[in-house]
Amino acid sequence: MELLFPLTKGITIQSECPVGLIGDDISAVANASSKALDKPVIPVRCEGFRGVSQSLGHHIANDVVRDWVLNNREGQPFASTPYDVAIIGDYNIGGDAWASRILLEEMGLRVVAQWSGDGTLVEMENTPFVKLNLVHCYRSMNYIARHMEEKHQIPWMEYNFFGPTKIAESLRKIADQFDDVIRANAEKVIAKYEGQMAAIIAKYRPRLEGRKVLLYMGGLRPRHVIGAYEDLGMEIVAAGYEFAHNDDYDRTLPDLKEGTLLFDDASSYELEAFVKALKPDLIGSGIKEKYIFQKMGVPFRQMHSWDYSGPYHGYDGFAIFARDMDMTLNNPAWNELIAPWLKSA
């Protein structure tokens with residue numbers, strides 16, 4: 001192991017379905033291996049058959065971090081500052097975490113850790129030393145944030161860096177957790193990008209104004225991206241989650257207008273029925289849904305990986321988001337498509 005991976009700081013053992021069915025004790029293996037290698041070896045029992053959705057997998061992963069990672073540096077020295085924060089639950093899709101980190105550092109905060117996107121084991125181990133945990137994906141990481149609040153008295157808050165309206169709102173809420181210096185810096189950051197955002201909206205909003213959007217995704221996106229679409233004058237007519245809990249819907253309702261369809265765990269048949277009834281101009285969903293709606297000639301963005309674009313976070317990301325929505329919706333190819341099942345023999 002040392003010969004093959006001399007720079008490694010730790011190892012994970014991740015059990016998939018066969019290991020779970022056989023019943024191998026990977027926790028015992030991890031304990032023995034950790035002593036032999038003198039570095040953390042972390043067992044992750046997250047076989048695919050656990051639970052009815054990936055939400056249970058999130059919970060299991062949080063428990064693993066709690067039990068096998070966060071205690072590793074207890075009692076060790078750490079040079080802290082009053083402005084230390086951690087980004088929790090940002091998976092750096094298309095560079096999202098980097099775009100978020102830029103804004104936090106511009107307002108004078110020190111990002112001690114970001115995980116798990118572009119994160120390191122050492123950063124995760126140092127997270128209990130920060131002054132504030134900033135949670136991006138609430139669904140996947142609220143468990144560990146609550147644990148650190150209870151054990152280490154670290155407050156946590158959600159933030160939303162999709163679109164200039166929500167970015168400014170989040171920067172001010174984050175700044176309110178610190179002093180007047182950070183509050184003043186937040187206003188400077190917002191002012192710095194105002195002209196750039198106004199130019200982007202002036203360019204793309206006339207091309208997107210009034211277009212209807214249906215969203216069906218996991219995690220946080222059905223509610224977090226609403227503001228970015230609305231900044232471009234677009235209307236959310238439906239939003240759905242693949243594995244939400246009740247509190248996800250509680251957090252979503254305030255961002256939806258009266259009469260918007262809010263749905264849960266739709267089947268392919270139900271989703272197609274929603275599209276036929278609501279007639280959205282654009283669908284934002286996942287890879288499973290992508291091809292049926294493209295074949296129907298409905299503009300579609302794969303919003304789990306940003307259709308391999310991005311970042312969409314932050315001010316830099318909003319420029320890419322606006323461009324991608326315009327490029328998708330106003331592509332003349334959609335007018336040439338006829339669903340295969342509607343073609344005459």
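Predicted model: local features only at pLDDT ≥ 70, side-chain atom pairs only at ≥ 80, totals over all residues.
Local features need pLDDT of at least 70, side-chain atom pairs count only at pLDDT 80 or more, and totals for chains, interfaces and linings use all residues. Residues are numbered from 1 along each chain as its sequence is written, and side-chain values use heavy atoms, with hydrogens and water left out.

Helices (H or I, at least four residues) and strands (E, at least two residues) are DSSP runs, numbered from the N terminus. Four strands form an open sheet in the order E4-E3-E5-E6. Their pairing is parallel; two strands pair if DSSP finds at least two bridges between them. Strand E4 (110-116) and strand E6 (156-158) stand at the edges. Each has a single partner strand, so one side of each is left without a neighbour in the sheet. Neighbouring strands of this sheet are turned by 20° against each other on average, direction ignored. Such angles run from 0 to 180 degrees between N-to-C directions, and axes are lines fitted to C-alpha atoms, for helices over the stretch in contact.

Bridges tie these strands together in detail. E3 and E4 run parallel and are joined by six bridges. Ile87 has Gln114 in E4 as its bridge partner. Strand E5 (residues 132-135) and E6 also run parallel, with three bridges between them. Here Val135 is partnered by Glu158 of E6. Helix H6 packs on the sheet and touches strand E3 (84-90), E4, E5 and E6; contact means heavy atoms within 4.5 Å. The direction of H6 makes about 160° with that of E6. Seven of the seven residues of E3 are buried, so E3 is largely enclosed by the rest of the structure. Buried means under 20% relative accessible area, exposed over 50%, and partly exposed in between (1.4 Å probe, protein chains only).

H6 also has a helix partner. The axes of helix H3 (residues 54-68) and helix H6 (residues 138-152) come within 8 Å and cross at roughly 30°. H3 and H6 are therefore roughly parallel to each other. Angles under 35 degrees count as roughly parallel, over 145 as roughly antiparallel, 65 to 115 as roughly perpendicular and the rest as oblique. The crossing of H3 and H6 is right-handed. A crossing is right-handed if the near helix is turned clockwise from the far one by less than a right angle, and left-handed if anticlockwise. From H3, the contact draws on Ser55, His58, His59, Asn62, Val65 and Arg66. From H6 come Arg139, Ser140, Met141, Tyr143, Ile144 and His147. The residues of this contact comprise four nonpolar, six polar and two charged. Ala, Val, Leu, Ile, Met, Phe, Trp, Tyr, Cys and Pro count as nonpolar, Asp, Glu, Lys and Arg as charged, and the others, Gly among them, as polar.

Met148 is found in H6. Met148 is buried, at 0% relative accessible area. Leaving out residues up to four places away in sequence, Met148 touches Leu70, Ile88, Trp115, Thr127, Pro128, Asn133, Gln153 and Ile154. The C-alpha atoms of Met148 and Thr127 are 8.9 Å apart, across 21 residues along the chain.

A further open sheet has five strands in the order E9-E8-E7-E10-E11, with parallel pairing. Strand E9 (261-264) and strand E11 (300-302) are its edge strands, each pairing on one side only. The twist averages 15° from one strand to the next. Six bridges join strand E7 (residues 212-217) to strand E8 (residues 235-241), and the two run parallel. Leu214 stands opposite Ala238 in E8. H12 lies across E7, E8, E9 and strand E10 (282-285), at about 170° to E7. Helix H14 (residues 314-329) touches E10 and E11, and its direction makes about 140° with that of E11.

The axes of helix H12 (residues 268-278) and helix H13 (residues 287-295) come within 12 Å and cross at roughly 45°. That makes H12 oblique to H13. Their crossing is right-handed. Leu271, Glu272 and Val275 in H12 meet Glu289, Ile292 and Phe293 in H13. This contact has four nonpolar, no polar and two charged residues.

Arg223, in helix H9 (residues 221-224), is buried with a relative accessible area of 4%. Beyond neighbours within four places in sequence, the contacts of Arg223 include Tyr138, Glu158 and Asp255. Ser170 belongs to helix H7 (residues 164-175) and counts as buried at 7% relative accessibility.
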